[in-house]
Amino acid sequence: MSPNDTRRPVVDTLLAGRPRAPRAEGAAFAPANIALVKYWGKRDAALNLPVTSSLSISLGELGSETRVAPAGRPGDTVLLGPDPAPAGFAARVSAYLDLVRPAPDFGFRVETHNRVPTAAGFASSASGFAALALALDDLFGWALDLPALSILARLGSGSACRSVFDGFVEWTAGSRPDGMDSHGRRLDATWPALRLALLPIETSAKPVSSRHGMRHTVETSPLYAAWPETVARDLESARAAIATRDFPRLGATAEGNAMAMHATMHAARPPLVYWTPATIAAMRRAHALRDEGRAVYLTMDAGPNPKLLFEADQADAVRAAFPNAVIVAPFGGPSARKPVA
Ligand code: PMV
């Protein structure tokens, strides 16, 4: 059975009674997101159903802008910026489009622009698949609600289900085998002073995808057994920190959670280590800022590039220590929905 055999009944349920004929074009934007409490491990690989819930922050204006239209001929055209998308990504997009293709000989033209500073070494499949799901909703005029759009995005990439929303987002793991209860939800909280910094350390594609890294870790790491418990504790702590605007608690929870996730990978057999010497140097620099009494914390996904978490009053110190940092204000600083360069 192919993954799409498992996905198709879910899509059919979501789209029951909705239009199947496309309009001229659909377009949408979706923000990238950074998990503060990570998604690491699936209970269903085809549906991207997670072992645990997770919690993220969306990056405001940084993300993907996608246009989708009928190609007028068989076969899909998938562009990333002005260029054809890398073959692997284009194949993933085409497989995803198979789920909503009106007829086998119907081709789509998909054009995605990543609004992410190219030097930031930050490409996000989360914002890409979320923007694609939203653009398809626009193209076909489905008018799906946000939980349904989040589920549709999840079928492309797990973390994409969080990129359907702005602000703090919790992805509830759910327990249903069809995943209809596994989607993102925006938390009712803002934090105008919150800042993130992307550190461009390694900008080439990572050698091991999160998809493979997750599976390898779940299957071989003796530390994975402790992960669900760690996440449950960290989720509670992150929610409480957000509710009370307790920044040191939020930062320490996010950093501890990311380190625990990497520890599960480091203990996998063979080990999976995304860190480079530059990653560790950046970590030490962040810790040195903390030793000076500055509340600067870090998180890291399945890659070598740390992201820093801090509040606006530390922006100058962060900029001085990390001159290449791309600083983002997720809740809009002086200019709403704009990254602060
Ligand atoms: O959605 P995926 O398959 O790219 O997995 C994302 C996994 C992490 O980025 C490491 C964690 C997360 O919650 O985003």
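## Helix 2 on helix 3

Helix 2 (87-97) and helix 3 (125-140) pack with their axes 12 Å apart, at an angle of about 35°. An axis here is a line fitted to C-alpha atoms, for helices over the stretch in contact, and angles run from 0 to 180 degrees between N-to-C directions. Helices (H or I, at least four residues) and strands (E, at least two) are DSSP runs, counted off from the N terminus.

On the helix 2 side the contact uses F89, R92, V93, Y96 and L97, and on the helix 3 side S125, F129, L132, A133 and L136. Contact means heavy atoms within 4.5 Å. The tally for this contact is eight nonpolar residues, one polar and one charged. Nonpolar covers Ala, Val, Leu, Ile, Met, Phe, Trp, Tyr, Cys and Pro, charged covers Asp, Glu, Lys and Arg, and the others, Gly among them, are polar.

## About the model

This is a predicted model, where local features need pLDDT of at least 70 and side-chain atom pairs count only at pLDDT 80 or more, while totals for chains, interfaces and linings use all residues. Residues are numbered from 1 along each chain as its sequence is written, and side-chain values use heavy atoms, with hydrogens and water left out.

## Helix 1 on helix 4

Helix 1 (residues 3-15) and helix 4 (residues 146-154) have axes that come within 11 Å and cross at roughly 160°. The two helices are therefore roughly antiparallel to each other (over 145 degrees; under 35 is roughly parallel, 65 to 115 roughly perpendicular, the rest oblique). Their crossing is left-handed.

V10, V11 and L14 from helix 1 meet A148, I151 and L152 from helix 4. Those contact residues come out as six nonpolar, no polar and no charged.

## The cores

The largest nonpolar core has 43 residues, and Y96, V100, F108, L132, L136, W142 and L152 have the most contacts inside it. A core of this kind is a set of buried Ala, Val, Leu, Ile, Met, Phe, Trp, Tyr and Cys residues joined through side-chain atoms within 4.5 Å. Buried is under 20% relative accessible area, exposed is over 50%, and partly exposed is in between (1.4 Å probe, protein chains only). Helix 3 gives the most to this core, with ten residues.

Setting aside neighbours within four places in sequence, L152 is in contact with V11, L14, Y96, A133, W142 and L144. A second, separate core has 40 residues, including L59, L196, M265 and L309.

## A buried loop threonine

T52 sits in the loop between strand 3 (49-50) and strand 4 (54-70). With 8% relative accessibility, T52 counts as buried. Not counting residues up to four places away in sequence, T52 touches K38, A173, W227, P228 and V231. T52 and G174 are 122 residues apart in sequence but 8.5 Å apart in space, C-alpha to C-alpha.

Most residues other than glycine have a negative phi, and most peptide bonds are trans. N48, not a glycine, has a positive phi of about 50°; N48 lies in the loop between strand 2 (42-44) and strand 3, and is buried at a relative accessible area of 0%. R245 also has a positive phi of about 50° without being a glycine. R245 lies in the loop between helix 6 (227-244) and helix 7, and is partly exposed, at 43%.

The peptide bond from R269 to P270 is cis, with omega near -5°. P270 falls in the loop between helix 7 (247-266) and helix 8 (277-291).

How values were computed: A crossing is left-handed if the near helix is turned anticlockwise from the far one by less than a right angle, and right-handed if clockwise.
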